[in-house]
Amino acid sequence: MDGEGYRIEKERAVPYTGGRYRWARWGEPADGTSRERSQLPVALEEIFLAGPRGFCAGVERAIEIVEKVLGVYGAPVYVRKEIVHNRHVVETLRAKGAIFVEDLAEVPDGALVIFSAHGVSPAVRDEARARGLRVIDATCPLVTKVHIEAIRYAQDGYTIILVGHEDHDEVIGTTGEAPARIRVISSVEEVAALVVADPAKVAYLTQTTLSVEDTQAVIEALRQRFPGIVGPSRDDICYATQNRQAAVRAVASQVEVVLVLGAANSSNACRLREVAEAAGARAHLIDDPGDIRPEWFSGVRQVGVTAGASTPEFLVRETIEVLKRGGVTTIHEVQVVDEDVRFALPRELTEIPSGSRQDRSRLFSHQ
Ligand code: SF4
């Protein structure tokens with residue numbers, strides 16, 4: 001990313017992989033123009049760029065599923081909920097022919113529908129089956145893992161404490177696996193008020209995109225209240241969430257202001273902002289560089305930049321361009337860990353020869 005008028009210093013050099021590069025370009029405006037051309041009337045000097053940042057393997061897989069289904073079967077393709085929580089991703093896929101719906105009732109009988117990366121409850125799967133909808137599931141495998149844990153604990157008679165945000169799609173889906181047995185909490189304060197049938201038979205699970213430190217505090221409080229509590233070996237917070245939080249923590253300790261690119265309804269992006277603030281920086285969650293406010297940078301020389309797991313990399317590059325016009329001459333890439341995680345596509349899609357156009361009726365002919 002060497003550029004005109006500034007230089008890049010890698011804290012730790014990590015070349016883009018082929019896959020990473022592909023996603024770095026995904027969703028970029030077709031004419032290559034930046035969305036934001038105005039000058040930034042401030043006196044910045046350095047950017048500290050967090051790595052890893054941006055798309056995780058679950059998001060890459062979910063987007064690839066929608067694109068592949070559109071390419072193979074043609075538009076329209078229905079997607080239940082935002083495929084991932086990012087307006088730019090949703091708008092790009094909508095322009096290619098995806099139709100996003102909140103409820104299966106909006107999907108015509110017999111149509112093809114994709115479930116989002118956040119997962120769905122069994123009730124949604126049952127409804128799709130009853131209506132004869134053809135389904136491709138883009139649920140992240142790491143979310144599916146939590147569903148399987150919930151089913152196993154419920155079958156073994158445990159009350160399950162699910163640490164997470166009860167209005168988030170992922171938590172709604174997981175809770176649906178055993179609604180009578182799952183209690184959702186999000187803070188240490190809620191632990192004392194929990195009512196369980198048998199305090200000796202309690203398990204915990206967590207949403208995949210929580211703050212690592214906050215979640216550890218809740219789990220510790222659960223352990224004190226229920227000494228025999230069981231759960232995953234650590235927690236269910238996924239590798240991508242942990243790595244992005246570690247990276248923004250490293251960056252936030254070196255800057256005064258951190259910009260987090262991500263949507264307000266993206267749990268992992270919101271957590272990045274919180275982690276940056278906990279590390280001592282002032283942090284702002286921005287949808288794209290158009291949200292940047294000059295007053296955030298009064299007297300500021302160093303600024304950190306990161307992106308949530310649903311945020312396309314081109315928005316990071318556009319943000320850097322805006323900050324360059326605010327005086328930046330040096331970009332430090334702060335890479336705390338290398339990521340090389342890829343998830344396989346669903347079997348229905350891997351069995352299709354690449355580049356071929358398929359009859360929709362054949363999608364599930366092997367089932
Ligand atoms: S943030 Fe984690 S759990 Fe969510 S889609 Fe990405 S890898 Fe999967």
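1. Two strands are said to pair if DSSP finds at least two bridges between them, and helices (H or I, at least four residues) and strands (E, at least two) are DSSP runs, numbered from the N terminus. In this sense strand E7 (residues 159–163) and E8 pair in parallel over four bridges, with Ile161 standing opposite Arg183 in E8. Together with helix H6 (residues 169–175), E7 and E8 form a right-handed β-α-β unit; right-handed means that, with the strands pointing away from the viewer, the path from the first strand over the helix to the second runs clockwise.

2. This is a predicted model, in which local features need pLDDT of at least 70 and side-chain atom pairs count only at pLDDT 80 or more, while totals for chains, interfaces and linings use all residues. Residues are numbered from 1 along each chain as its sequence is written.

3. The mean pLDDT (the predictor's confidence in each residue, from 0 to 100) is 89 for the protein, with 85% of its residues at 70 or more. Over residues 1–8, however, the pLDDT is below 50, and it stays under 50 over residues 361–367 as well. Where pLDDT is low, the predicted coordinates should not be read in detail.

4. The protein has eleven helices and 13 strands, and 43% of its 367 residues count as buried. A residue is buried if 20 or more other C-beta atoms lie within 10 Å of its own, exposed if 12 or fewer, and partly exposed in between, with C-beta atoms placed from the backbone. Strand E8 (residues 182–185) has a covered face, made of Ile182 and Val184, and an uncovered one, made of Arg183 and Ile185.

5. Around the ligand there are 15 residues, of which Cys56, Gly58, Cys140, Thr208 and Cys238 come nearest; a residue is near a molecule if its C-beta atom, placed from the backbone, lies within 6 Å of it. Helices H2 (57–73), H5 (141–155) and H8 (239–252) each supply at least two residues of this shell, and H2 gives the most, with three.

6. Some backbone details deserve a look, given that most residues other than glycine have a negative phi, and most peptide bonds are trans. A cis peptide bond joins Gly51 and Pro52, with omega about 5 degrees, and another joins Ala75 and Pro76, with omega about 0 degrees. Lys81, in the loop between E3 and helix H3 (87–95), has a positive phi near 70 degrees; Lys81 counts as buried because it has 22 C-beta neighbours inside 10 Å.

Definitions and conventions. Two residues are in contact if their C-beta atoms, placed from the backbone, lie within 7 Å.
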